[in-house]
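Subject: Structure for your review

Dear colleague,

I am handing over the structure we spoke of, and I would be glad if you could look through it before you read my notes.

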Amino acid sequence: MTRQMNTHAAYLDPILNHCQCNVHDLLQILRQAQEHYGYIHPDAIDYLSEVLALPRAKIEGVASFYSLLYLKPHGEYRVLFSDNITDRMLGNIDLMNSLCSQLWVEPGKVSEDGLLWVNTTSCTGMCDQGPALLVNNIAINRLTAERVSAICELIRERVPLPSWPAEFFAIENNIRRKDILLNSDFESGSALAAMLQRGALETLQEVKISKLRGRGGAGFSTGSKWEFCRAAAGEQHYVVCNADEGEPGTFKDRVLLNSYADMMFEGMTLCGHIIDAKKGFLYLRGEYRYLLDHLQAVLQRRRQQGLLGSNILGHAGFDFDIEIHLGAGAYICGEESALIESLEGKRGTPRNRPPYPVTCGYLNQPTVVNNVETFAAASLVALHGGAWYAGIGTEISSGTKILSVSGDCERPGLYEFPFGVTVAEVLADCGARNTQAVQVSGPSGVCVAANEFDRRIGFEDIPTAGAFMVFNQSRDMFEVARNFVQFFAHESCGFCTPCRVGTSLLGNMMNKLAQGHGSPYDFAEIEKLNVLLQSTSHCGLGQSACNPVLDTIAKFRPAYDQRMMHTEFVPAFDLDHALSQARRMTGRDDTGAHLERDHDTR
Amino acid sequence: MTQDNISNPTTFMLDNKIIPFSEGQTIIQAAMAAGEYIPHLCYNPEFKPHGSCKVCTVKANGRQAASCTQLAQADMVVESNTQQINDERRALLQMLFVEGNHFCPSCEKSGNCELQATAYALEMMSPHFDHFSPNRPLDASHPEYLLDFNRCILCSLCVRASRDVDGKNVFALSERGIKTQLIVNAKSGKLGDTDFSDQDKAAHVCPVGVIIKKRVGFTIPIGERAFDVNPISVSPHPVKKGA
């Protein structure tokens, strides 16, 4: 098919022209193409393949990697229920089943009339106001039976999304405790002016003095990272802000992006001047698509204010601008090298490291990748100085940390505390009662039991990217771990054998226990698999996929013991259960219609 | 073996053997040059290391790493042929066996298959884990070649060969996680609709039995094939007869 003849050219050409047919924008092109059509049409791939000179298998390979992109029709309405454990605790599965039965669809299958598709998705970052869903990638929160019924009616009547009630799409900030960052009356441009007055190198020195550490969880020194990158040789340097907030239970970046975007963009701009970068990227998770227009508007205003673009604040040669890239449903892209691959329009597979992004990042050029909160904090450091910042928090963990509190508590939302706060203090502040456990820093973090609530949030004790999920005594910690294991299996990129196969095996083993077929043998198998995943996986996802299981086995052993129904090994496949359909068809349920077995689990 | 503690900038220790290396060589490259076998599947000396199968995992200075991507360093102490590491490698092989559908007795690649040969080398006696038994249709659309995706271990050697050597991009990986699969660069998804040919490097790099040449099956009887003659630990990359 020639270029002119392709019927998809009408909507693809403006998208392609906007990015000047840059193959590194492939993911952005695919995402926008889908917004026009609801899925990526095979003929559209023909056209993109021709114009971008990319093999179609490569385009299909990229598109199919991301769970929010579709290569086949997925219905006019694509309804994805957030399936974090906090959504589960608020009854998301019942609500999804209710929606499915009202609209006569099965989860995971497009309805026969092509009207809708219903499924679950990984945490959408709305844990403080769940249960949540995405409809055509736009967030709806605080689901109730009434709201679900109203959604069914709107879908049945084919009401276009912009005409749905506005309150469905309302998203709260839920800021419960403010400290230096959330309390700051930050004026856009003030930190840049402070830097220009002080000098770039001197400002870098202040960042080092502040002892600011990365807020994405790993806690690398921000000053050192910027210094290494500045010193690294390259044709261009790049600044990347990681707003791929995919760790289940984390939602603080959403609020920062919504209400503190200037502070973050200013931090990126500071970094750009210090490492001599001309370009920055904000990598925004696809689930936060609704924030895109707002963020673009902030960038546009900052350009008008002379805070982005050429000769920033009149300073000759200070040129820097920021582009927003959207993800499309891949937790792994929160890993910095996978994020860079994704920015380059590829599958989000973590790279072999070293080299690290500071020397070999975006387009193999020196690149700083920092979290949203890190850049916002850097603005405060530039404004108030490193010593001021280092004086807050603890010796090893300076400054404050914003926690995303959700689960069993009266006041879920954002809590900013100086580092060093104890788990118990946070629990008291958020109104948690009869707390059994707290999962700090999401599934890849640690599960803290009641006897450890005097432990402190900080790099010296419990490092965290921000998630703080509370479980009271009524919760089954085995089910918590099982939810997290399924999350990892769903989000594994599939590159390395141990993670690709191991996370699914682990998920199946946990399912086997949940179905009552567990024995000490399975328990030993789970422990062996944990060791293998930790030692041989390619990146942190596989290495930490077992953490929730190891933690809950160590701290909540009875939750597992009660599932050891058998003393000897029992296969996961239950032959007697497999015969149940035949029994129903023949109307028999006598002993002769059952296989002889030790435990009758009819 | 005793080791004098004089720092040598060009050697490292592999299981108590001194292995010379040159700047920029990975552990597996140096080891293989010295005639030492480290089990591997996605690594092929003709291609840039990939590091995905993890079968070549070793313990380098106490830390586990893929020896195909880990650069050799002076005086590094590398453990490879140990009970713990071989147990882990065996578990990784078992994962590859249960992930796909591998029926060695009826497979035309038997005896020339690196997965099978490595499993023999590591004395893998059973698949151990529950089979996933995926449903993966064959592609017999090409006049000269058959694709049996059931045996794919996602090493991506064919992807790399077709892209980097043949300049054709016939293959790519799609989906992710346990659903990751090899796809073919055609709208129909069929190999017959691509420019793939017997002359392609990609036609001859598959370590397992996915890319199978038609009409020559079993011309060399099982029992006389490459790894039937020499175990993979002795001859990891033999020139396979009939290839």
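Predicted model: local features only at pLDDT ≥ 70, side-chain atom pairs only at ≥ 80, totals over all residues.

**Between the two chains**

Where chain B meets chain A, 34 residues of chain B are in contact with 44 residues of chain A, and the area buried between these chains comes to about 3,000 Å², with carbon and sulfur atoms giving 58% of it. On the side of chain B, the residues B:Met95, B:Arg176 and B:Lys187 supply 26% of the area that this chain buries against chain A, more than any other three residues. B:Lys187 also takes part in a salt bridge, its partner being A:Asp46, and the closest N and O atoms of that pair are 2.5 Å apart. Four salt bridges are found across the interface of chain B and chain A, and there are 21 residue pairs in polar contact across it, counting pairs with both residues at pLDDT 80 or more.

**Within chain B**

The domain assignment divides chain B into domain 1 (11–81) and domain 2 (87–229), and the C-alpha centres of these domains of chain B lie 25 Å apart. In their interface, 21 residues of domain 1 of chain B are in contact with 21 residues of domain 2 of chain B, while the area that the two domains bury between them is about 1,500 Å², 58% of it on carbon and sulfur atoms. Of the area that domain 1 of chain B buries against domain 2 of chain B, 44% is supplied by B:Leu41, B:Phe47 and B:Val55, more than by any other three residues.

Sorted by class, the side of domain 1 of chain B that touches domain 2 of chain B has eleven nonpolar, seven polar and three charged residues.

**Within chain A**

For chain A the assignment gives domain 1 (2–65), domain 2 (77–172), domain 3 (177–390) and domain 4 (400–475). I looked at domain 3 and domain 4 of chain A, whose C-alpha centres lie 26 Å apart and which bury about 1,900 Å² between them, carbon and sulfur atoms giving 60% of that area. In domain 3 of chain A, the residues that lose the most area to domain 4 of chain A are A:Arg177, A:Arg215 and A:Phe251, together 31% of what that side buries. Two salt bridges are found across the interface of domain 3 and domain 4 of chain A, and A:Lys401 forms a salt bridge with A:Glu373, the closest N and O atoms being 2.6 Å apart.

**Cysteines**

The structure holds zero disulfides over all chains. For A:Cys241, the nearest cysteine sulfur is that of A:Cys271, 10 Å away, and A:Cys241 is itself buried, with a relative accessible area of 0%. A:Cys539 is likewise in no disulfide, the nearest cysteine sulfur, that of A:Cys499, being 6.3 Å away, and A:Cys539 counts as buried at 12% relative accessibility.

With best regards

Notes: Residues numbered from 1 in each chain as written. Chains lettered and ligands numbered in written order. Heavy atoms only, no water. Domains from an automatic or database assignment. Contact = heavy atoms within 4.5 Å. Buried area = accessible area lost by both parts, 1.4 Å probe. Nonpolar A, V, L, I, M, F, W, Y, C, P; charged D, E, K, R; others polar. Disulfide = S-S within 2.5 Å. Buried < 20%, exposed > 50% of the residue type's maximum accessible area, 1.4 Å probe, protein only. Salt bridge = Lys/Arg side-chain N within 4 Å of Asp/Glu carboxyl O. Polar contact = N/O pair within 3.5 Å; in protein donor to acceptor, adjacent residues only side chain to side chain.
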